[in-house]
Each structure stands twice: as C-alpha cells, then as structure tokens.
Amino acid sequence: MTGEETGVQHEVRDHVSYLTLDRPEALGALTPEMRERIIRLLSEATSDPDVRAVVLTGTGRGFCAGADLRGGAGTGERVAGDVARMLRVGAQRLTAAVLDCEKPVIAAVNGTAAGLGAHLALACDLVLAAESARFIEVFVRRGLVPDGGGAYLLPRLIGPQRAKELMFFGDALSAPDAERLGLVNRVVSDGELAKTAGEWAARLAAGPTRALALTKQLVNASLESDRATAFAAEAAAQEINMMTADAREGLQAFVERRSPEFGGR
C-alpha cells in the first residue's frame, strides 16, 4: 500500500525521516495498516545510515485520536486471550517501536493527542506541541484500561499521583499545562510547529548519531536499573562509542579548537 492508502505519509529529507499521520477527517485515528506502517518505518530508520533523526506529526486538527474504533472493535464476542494478544501485537508494539528506535524521535503534536495517540507522542524522545494541542487519557471515558504502555510511560514522566489524576478523570490537558507537568519539552504557536520541529531535527541529524542512540538507551534503561547496573551500562556504552568515527572527530575537533563535523558513524 502507498502512504496515501494507509494514511501515513513518509519522506526522508536532509537525513530526517518525516512520518505524517494524514487522516484529518478522523483526527489521525490509527487503523491497523497505519500502525504497521509506522512500526515498519521506524525499524527502517534504525537500520538506514542515511536517516539520523525522525519527526512524527499529523495533519489538520488532530495529531492522533487513538486507535480507530469505528469498525466496532471491542464490541463483539471474544475468545479468552484475544484482547491481551491484540494489545501485544498492536498498541504495545507501536509504543515499543518508538522507544526502541535507535534514532532520536521528535513528536510534533499539531492537535489532539488522545488515548493511544497521546502515548505515541509521549513515547518519543522530544515532544513539541502546538498551542492548540491537547492530551487526553480518554480510556476512562469509554470504561477502558489505558493501553499502549500508558501506565508505564506516564508515571515515569510525571509521577504516579499526576498520572492517576489524568487517567482517572480523563480531562483534556492543554499544551501549556502539559509543558508545566513535564510531558512536553516546548509549546510553540501553531504556525511555528513545523519550522521548530525541522530545526530540532536538523540539529539532531547533524549530531553524533551513535552517541545519541546509546544515550537514548542509557536514559530509558536507567528508569528501571539500580546504580550498579546503570554504571555498568554506561561504561559499556562508552567503550562502544569510543570506537566510532564521530567520537574520534569530536575529540580531534576539541584539540584543534574547531566545531566538529559529525558523519553519523
């Protein structure tokens, strides 16, 4: 299927992979085909040396309104184990694909990010939000338990009490309030969102790609590690990274008192 058919547009430009959820009539609600395309494109970004950063955004008034339930998902008779299996191979794989991508991923949240859509954004390494963006833990409104790793992500970002408040009430959180809580790195005007995301992505794409990948892994793992494990992982990452061309370039540039020119290797 083409990007137009799946609702996900894709372009690689200046070493940045741009993924755009393009279903404005449905506020970017994810179909299974869209989910699988995003997972595949993130995997390709990891393995493609020409890609050094990723931007994930949407079109229209919605970033992503969550999973598309208009086909009646969840209302039919099920066999025991169906729901857990569906989540493992679906929403959880999507969140994991963002967390495991070895290139830095920026979410440029252009509008409503609800349910799985909110978790897709919050799994990203950096989150930019337009002033009109809203984050909604919509599950409670449907009588559902959060999925897509929400109960894993939110407490790590803002603590358990704040996470429970958002998940228990399901109230819409404005972009400025999301920034205040620490869910968003920066709020910009709607008209500046794409420009700012491009500028941040360009800076990342010009950086030491392998060092950024290892840093991402260290930070993500640190939230579940004891000190000894974290220090051992840090030492191993340093050992690996010191063998890269970018590390050699960075050190040489320091000695020569010039700006480094990283090649991503």
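**A charged pair on a helix, and its surroundings**

Mentor: R162 counts as partly exposed, at 39% relative accessibility; buried means under 20% relative accessible area, exposed over 50% and partly exposed in between, with a 1.4 Å probe and protein chains only. This is a predicted model, in which local features need pLDDT of at least 70 and side-chain atom pairs count only at pLDDT 80 or more, while totals for chains, interfaces and linings use all residues. Residues are numbered from 1 along each chain as its sequence is written, and side-chain values use heavy atoms, with hydrogens and water left out.

The partner of R162 is E165: the two form a salt bridge, with their closest N and O atoms 3.7 Å apart. A salt bridge here is a side-chain nitrogen of Lys or Arg within 4 Å of a carboxyl oxygen of Asp or Glu. E165 is also partly exposed, with a relative accessible area of 40%. Both residues sit in helix α7 (residues 160–169), and because they are 3 residues apart there, about one helical turn separates them. Helices (H or I, at least four residues) and strands (E, at least two) are DSSP runs, numbered from the N terminus.

The search of the whole structure finds 14 salt bridges. One of them joins K195 and E192, with the closest N and O atoms 3.9 Å apart; E192 is partly exposed at 35% relative accessibility. In another, the side chains of R258 and E256 meet at 2.7 Å, N to O. R258 has a relative accessible area of 33% and is partly exposed, as is E256 at 42%. R23, E25 and D68 are linked in a network of salt bridges.

E137 does have a polar contact of 2.8 Å with the side chain of H119. A polar contact is a pair of N or O atoms within 3.5 Å; within protein, one must be able to donate a hydrogen and the other to accept it, and residues adjacent in sequence count only if both atoms are side-chain atoms. E137 lies in the loop between β8 (134–136) and α6 (150–158). Not counting residues up to four places away in sequence, E137 touches several residues, among them L166 and M167, where contact means heavy atoms within 4.5 Å.

Now for the whole chain. The protein chain has 12 helices and 10 strands. Its radius of gyration is 19 Å, close to the 18 Å that the globule rule gives for 265 residues, so the chain is as compact as a globular protein of that length; the radius is taken over C-alpha atoms, and the rule is 2.2 Å times the number of residues to the power 0.38. The C-alpha trace spans about 65 × 40 × 35 Å along its principal axes. Buried residues make up 43% of the 265 residues. Of the contacts with a separation of 6 or more, 68% are between residues 24 or more positions apart.
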